There are 2 protein chains.
Amino acid sequence: MNGSAPSRRKRGRPRKDQTLPGTPRSELLRVGVATLTEKGFSAVGIEEILSAASVPKGSFYHYFKSKDDFGLSLIDAYANYFARKLDHWFNNQDRSPLQRIEDFIVDARNGMARYNFRRGCLVGNLGQEMGVLPEPFRARIASVFSDWQARTAKCLHAARAAGQISADADCEWLAAFFWIGWEGAVLRAKLERNAEALDAFAEGFFRLIGARPNIRQVRQCSRQS
Amino acid sequence: MNGSAPSRRKRGRPRKDQTLPGTPRSELLRVGVATLTEKGFSAVGIEEILSAASVPKGSFYHYFKSKDDFGLSLIDAYANYFARKLDHWFNNQDRSPLQRIEDFIVDARNGMARYNFRRGCLVGNLGQEMGVLPEPFRARIASVFSDWQARTAKCLHAARAAGQISADADCEWLAAFFWIGWEGAVLRAKLERNAEALDAFAEGFFRLIGARPNIRQVRQCSRQS
């Protein structure tokens, strides 16, 4: 947001593109995103982020106007990262449209497993915290969900065009349904430290659209009751 | 948990059943539950709860061993309140089993609307915060979801016996799917400050079980994309 090089070099400040990996601003964003997929915004102090990013305490306000400005930049950074991830899977022309959605789900599942289900979704976490976050966060988070839904709807439209789902399927509505439930599944997976909720939601979603998923370990959710 | 009257009256402490409404311990729990449906556990200080409950600062540790003990008691209090709510709707013999599930959904929707979608689900909020909560919270929260799922599965079994859903419907799996997605819907409703996500998830759930819901304002979710 304010990562462009200043027009006149200030004393002691290196003129460096702060979007490059390893520069202080991008390190703060990288560490911030990782931290906020695990913990809440209100529970995390700037000191913890600075220390983990190995950025000197005094320089935070050189890169961000405030903790809130940092939070909004984290949403942007995560949204960009995630949009690229969705494009990677949803635009894969080697796979059928529904396989692409499956591939995304399997990748997200593997991503959570890699961090032992401690890390979830930054945008979902912040959404849950909205009660104590500054109001500008609300519109920003909501617009990220809209963006993900639009990308998912596009893939579902391709599935419809390919005859993989019913010709009268409402792709926008299905994409909205997917993201409403998927965030709930990520929350439960973090709570239970396993993939059962992800698998159960994925199976339900594919049943709803009238397709059979091929995701590992489906149908294992909560048979204890 | 430690709400029973002490065997010998201590100086300055009224011997009073602390489960009665208006007594300090029950007031702390009442205010704590209301606060934690809106904000996270880590974002809320004990002082805020004490002040809102009009309980003197010094007496908190008379009723609770620690903030964590208070948190676990809040989960129990909310679980009891919610179990009674589910029983109220799911055991209503004047309504068909699927109507009972609809009634619960409409009531939950009205409950959120009453507080302008600022309050969500205490157990869902705490689940999202697990990254920074003490480990004993995890099993307690997970067992609350199991309890809700078991009550919901029982109602779905009644629907199956009444022929309202398919004879081969897996009621335990459907109940698990419901709670996974419903918590996601509550999160989105809080974020967007409206009922669209609740209506969309409810509609998808009823479609999945092959029934048509009669909930107001269904099918309004995210058609913008």
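Biologist: Which salt bridge do E203(B) and R207(B) form, and what is its N to O distance?

Modeller: In this predicted model, the side chains of E203(B) and R207(B) meet in a salt bridge at 3.2 Å, N to O. In general, side chains of opposite charge can pair when their charged atoms come close. Both residues belong to helix α9 of chain B and are 4 residues apart, so about one helical turn separates them. E203(B) is buried at 6% relative accessible area, while R207(B) is partly exposed at 35%.

Biologist: Where do D199(B) and R109(B) lie?

Modeller: D199(B) forms a salt bridge with R109(B), with the closest N and O atoms 2.8 Å apart. D199(B) is in helix α9 (residues 196-208) and R109(B) in helix α5 (residues 97-114), both of chain B, so the pair ties together parts 90 residues apart in sequence. Both D199(B) and R109(B) are buried.

Biologist: At what angle do the axes of helices α7 and α8 of chain A cross?

Modeller: Two packed helices are described by the angle between their axes and the distance between the axes. For α7 (residues 136-161) and α8 (residues 171-192) of chain A, the axes come within 8 Å and cross at roughly 125°. The two are therefore oblique. α7(A) passes α8(A) in a right-handed crossing.

Terms used. Residues numbered from 1 in each chain as written. Chains lettered and ligands numbered in written order. Predicted model: local features only at pLDDT ≥ 70, side-chain atom pairs only at ≥ 80, totals over all residues. Heavy atoms only, no water. Axes fitted to C-alpha atoms, helices over the stretch in contact; angles between N-to-C directions. Parallel < 35°, antiparallel > 145°, perpendicular 65-115°, else oblique. Left-handed = near helix turned anticlockwise from the far one by under 90°. Salt bridge = Lys/Arg side-chain N within 4 Å of Asp/Glu carboxyl O. Buried < 20%, exposed > 50% of the residue type's maximum accessible area, 1.4 Å probe, protein only.
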